[in-house]
Amino acid sequence: MDGSSKEGEEHSTFVNISLTDDIDHSSRTLYPRPKSLLPEMMNADMDAVDAENQVELEEKTRLINQVLELQHTLEDLSARVDAVKEENLKLKSENQVLGQYIENLMSASSVFQTTDTKSKRK
């Protein structure tokens, strides 16, 4: 077995595979293969997704603005409630002072003194 016979044996173990199609291409001339629609479909899908994303983004933006507006309204109402509470406490304090003042005036005046008419008649 010399080097040339080994080469022949190695050659016989390999299978030749053709890189060209074994299919008859004559039908392609009569019926041309349609152009791939995948890129166009992908572009249309991407446009639809972009439009959908745009709508979602606008909706999110609108909701965020609405939430922020409601937060500001809540802050304003909370500040108003605090102001009303303070005013209420001031008015209660003033009412107590005025009530005490009126009681003092009434006790000092003889007009408002209690009279015992029953005891005087007897």
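Author: The answers below concern a predicted model.

Reader: To begin, how many helices and strands are there in the protein?

Author: The protein has four helices and zero strands. Along the sequence, the pattern reads α-α-α-α.

Reader: Where does UniProt place the "coiled-coil region"?

Author: The UniProt record, an unreviewed entry, puts that feature at residues 60-94.

Reader: And what is the chain like over residues 60-94?

Author: That stretch is 100% helix and 0% strand. Its end C-alpha atoms lie 51 Å apart.

Reader: Turning to side chains, how many salt bridges does the count come to?

Author: The count is one salt bridge. It joins the side chains of Arg62 and Glu59, with 2.7 Å from N to O.

Reader: How are Arg62 and Glu59 separated in helix α3?

Author: Helix α3 covers residues 38-108, and the two residues are three apart within it, so about one helical turn separates them.

Reader: What share of the protein counts as buried, then?

Author: Of its 122 residues, 0% count as buried.

Reader: Lastly, what does the accessible surface come to?

Author: The accessible surface of the protein is about 12300 Å². Carbon and sulfur atoms account for 58% of that area.

Technical notes:
Residues numbered from 1 in each chain as written. Predicted model: local features only at pLDDT ≥ 70, side-chain atom pairs only at ≥ 80, totals over all residues. Heavy atoms only, no water. UniProt positions renumbered as here; feature names shortened; annotations may be inferred. Salt bridge = Lys/Arg side-chain N within 4 Å of Asp/Glu carboxyl O. Buried < 20%, exposed > 50% of the residue type's maximum accessible area, 1.4 Å probe, protein only. Areas by Shrake-Rupley, 256 points an atom, 1.4 Å probe, with all protein chains shown as cover.
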